[in-house]
2 protein chains.
Amino acid sequence: MKTAGTIGDYLIDRLYSLGIRHVFGVPGDYVLGFYDMLSKSRLELINTCDEQGAGFAADAYARLKGIGAVCVTYGVGGLKVVNTTAQAYAEKSPVVVISGAPGVREREKNPLLHHRVRDFDTQKNIFEEITVASAALDDAQTAVQETERVLAALFRFKRPVYIELPRDMISSEISQHRHKAAYREKRSDQVVLNELVGEAVGMINGAEKPVIIAGEEIHRFGLQNQLLDFVNKTNIPVASTVLSKSVINELHSSYMGVYQGAAGHEFVQNYVESSDCIIILGALLTDLSLGMFSAKIDQAKTIYVTSERISVGYHLYEKVLLQDFIVALTRSKIKPRSYLTGKPYPRYSYSPGFARGHRITIKHLFERLNSFLTDEMIVIADVGDALFGSIDLIIRGKTQFLSTAYYASLGFAVPASIGAKLAMPHLRPVVLVGDGAFQMTGMELSTIVRYRLDPIILVLNNGGYMTERIMLDGSFNDLQPWQHSQLTQIFGGGRGYDVRTEDQLESALASAKKSKEACIIDVHLDPKDMSETLKRLTKGFAERV
Amino acid sequence: MKTAGTIGDYLIDRLYSLGIRHVFGVPGDYVLGFYDMLSKSRLELINTCDEQGAGFAADAYARLKGIGAVCVTYGVGGLKVVNTTAQAYAEKSPVVVISGAPGVREREKNPLLHHRVRDFDTQKNIFEEITVASAALDDAQTAVQETERVLAALFRFKRPVYIELPRDMISSEISQHRHKAAYREKRSDQVVLNELVGEAVGMINGAEKPVIIAGEEIHRFGLQNQLLDFVNKTNIPVASTVLSKSVINELHSSYMGVYQGAAGHEFVQNYVESSDCIIILGALLTDLSLGMFSAKIDQAKTIYVTSERISVGYHLYEKVLLQDFIVALTRSKIKPRSYLTGKPYPRYSYSPGFARGHRITIKHLFERLNSFLTDEMIVIADVGDALFGSIDLIIRGKTQFLSTAYYASLGFAVPASIGAKLAMPHLRPVVLVGDGAFQMTGMELSTIVRYRLDPIILVLNNGGYMTERIMLDGSFNDLQPWQHSQLTQIFGGGRGYDVRTEDQLESALASAKKSKEACIIDVHLDPKDMSETLKRLTKGFAERV
């Protein structure tokens, strides 16, 4: 007789059925039994060096697959992924955080079990601050329902959830084999939707120069094709934000560039800020995406629709889903524009070639990368000038650019490349990371070598925290110099390159492209050099410190 | 006219006056102004690679100096030290966590500032779970009082506190120059103390074979001399726990060894468990200190006094401080014992020499270390067999052994050696760390090189998570092999040794001892080898997974 299965089996089956194939983490005794179940399941376990790496890898994986999972032990594991989970919350990445925990029966006399902080629910209390739902699967009668409740919240909000597994419960038989639909998909109110679309169409058709700002929710809610339909039908030009970069193929003739207030390109800034109808779809308006609030967007001229807030001019709406709005808008009678079709917007220039013996500049590096990138690559930019410089890269495929341009946690990119590669095996990650960020999580290159992944990691090596130097400098912004290119010898795999001149960069890039291994290119830069975007941001940053 | 000073100055002055000389952290924009003040103050800033390293360094520093401080930025910094702060909470280490934060004026319109998670107080809410007091210094009128309130809690409970600094407040003039005594020292109730001591003296004097278990609170509350007075006056033998190891000089004739239930030495176990009066002073009775609950301690025969709970047999007491109890007990009429004086307890053996070409065993390694250690060294053991093997090391000076034997967060030891060295410059750290723990925080060797510190780091390299292998094994317990000894080339300093045989270990230890630099010795061990303590713990561990 087939049993209904255990709590552990059920969770594993559900993760698999939702598209997860890899689970990231570091084992520990409170989660060891579940690791054993995972290792015998269809899911593949990916061991990172530190839990932080697992958290970032799962975040990247979730952004690309629509769901990701990190699995850790109690306390010493769980509390190490608080920061990565906070990032997933802030930037809407649907990560399932699974933590082992002391068994229900072990807790009876309230003993001082190792890894415990204050109470047995301290960790869960903390995760309630940074997830949209949490559950401790401490009862076989309710485990299915609880699992479904938190997964429903994950999909509804595209934000992380927390599942705690007391170790003596994972083999408990559940009372119910298959889950019922634990929640009903939220639907838009049709009457409100009609009113909203009507007002929006009126504003758009009456405008001289409408423009779209497409945000990260377009990607998170899987609306990239719907956006494209709308753009193709109307020819309204579209900008992204720094956080949503690559929401649309950047060679698309209606794509204008990244809008970032005065920190972005002047052409995009002028176009957007002189528009009489700005259609903002699914974008978080953060300080960085607004160029440290240098952006001048007039609410009277704005249609603003996200999963959290909807307005047309000063009229607020509720009960309408972003996805329904975009589809309804596309179907409505919006007059197509023609004047911009076929006319390319000013673009960042491609490589100007290279000069032997010339020191590499930030400008040269990013221009060179623009001709290096192919549509089989995914760019992952860490925080700092790795990100600011990347704004001008031309990304050929949708979602082929990842960054943490809002929460901005240094050290994301290297471990993210692990998650990205496993989520999208046909894409080769190109990682751009500053030397400061690399010192935080660069040892995950070991994990990359272990699982034979093939990212090309460019370390933008300028000896310090550049973005901070321009705000307020001191020796606290200095870094110990590392011989990055020799790390391949430490970890026993991959290729290392140490480059200072344009011709050295040229041959390193050529060799890396040909190689099928992980490659790390240590790009030595002038400590005073910086991207144009960072120069434009300087004032906004410095006046706030 | 001299002003009263700013919030930032006040905090810096108070930290200095309380004995802090070093502050550990990674800068970020929300804390940059305060970093600038710190860098111009009498305090020295120590930059680590990652915030986790700073948190662990500050914890070690706090254990040795009685107070430590870690200073980080908002969100991406603060949330990375949640785990290290949880450890400080669990094991009673008085760490001041200082976090920068968005300015009060920046928050007015509730904008999406970078590094923000949910609300502006999300981070503070989280720290309230893992500290004994927290304050946001957002008001110059109350900043002094708030600072004093949290510092008072730190000293009363010997646990971490949290101070948040909105960046636009650090230069605000405080309203009061000097702090008043913000709290009154708690005192014991004399009547209760007399009753307690009376009952305790009765039980001790009536006993055949009393024994003391001295815990980590003896160290945290600065009671090591008082304990010694009591031991010297009464000749009652004393054991430590795994967490309190080195609470007393281990060559003291009344010191018996580490009590750890069935996981510890048989002699100590038998002695303690057959005692008719067990005097437990300031010890947390955790699962690890009780040998996974194999300990057999009869409450009827126990005097148990800690900062949190007091009992003699089944009588509970309150309103008495640990320190007052020990002093009063020492002054009371306890009859001295004589039979054990001068008779050494069975001790772990010293090095048996070495044999050329012999593979190094765990047993040999720790025996060898027993003759390597001097009283100018401090041993720092990471979690796993680095800790379990260390239980048999003979530590010559008080507080010359550090570990996290309760919270047990892997990766503590390498960054802890930074804090330990700066707190106790006359001691040379000897770090024992497994390869798994090293992969988490070993890059802080870069920080060690940067600040020219001189630890001797022994990596116990057995290719996996040994403590987990014995519970439940799978490929998830494997590690990518690293060439640890070559890391000195990456970081540009220190000496590396790769040793497989006893004679290689011999010459590496000799060379390291002579050198004044950081040294890393990669000790290759048989993956199946383990310490006697770990063997004894195996059953208790495995049956709980």
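## The sheet in chain A

Two strands are said to pair if DSSP finds at least two bridges between them. In this predicted model, seven strands of chain A form an open sheet in the order β9-β8-β7-β10-β11-β12-β13, and the pairing among them is mixed. Strands of a sheet pair through backbone hydrogen bonds, either parallel or antiparallel.

At the edges of the chain A sheet stand β9 (255-258) and β13 (315-317), and because each has a single partner strand, one side of each is left without a neighbour in the sheet. From one strand to the next, the twist averages 20°.

On the β9 side, strand β8 of chain A, which covers residues 238-240, pairs with β9(A) in the parallel sense over three bridges. Within this part of the sheet, A:Ser240 has A:Val258 in β9(A) as its bridge partner.

Helix α10 of chain A, residues 266-273, packs on the sheet, where the helix touches β7 (210-214), β8, β9 and β10 (277-281) of chain A. The direction of helix α10 makes about 110° with that of β9(A).

## How the two chains are related

Chain A is superposed on chain B by a rotation of 180° with 0.0 Å of shift along its axis, and the RMSD is 0.0 Å. The two copies are therefore related as by a two-fold rotation axis. The same surface serves both copies, since 100% of the contact residues of chain A recur in chain B.

Which residue of chain A comes closest to the rotation axis? That residue is A:Ile126, whose C-alpha lies at 2.7 Å from the axis.

Conventions:
Residues numbered from 1 in each chain as written. Chains lettered and ligands numbered in written order. Predicted model: local features only at pLDDT ≥ 70, side-chain atom pairs only at ≥ 80, totals over all residues. Least-squares fit on C-alpha atoms with pLDDT ≥ 70 in both. Contact = placed C-beta atoms within 7 Å. Helix = DSSP H or I, 4+ residues; strand = E, 2+ residues; numbered from the N terminus. Axes fitted to C-alpha atoms, helices over the stretch in contact; angles between N-to-C directions.
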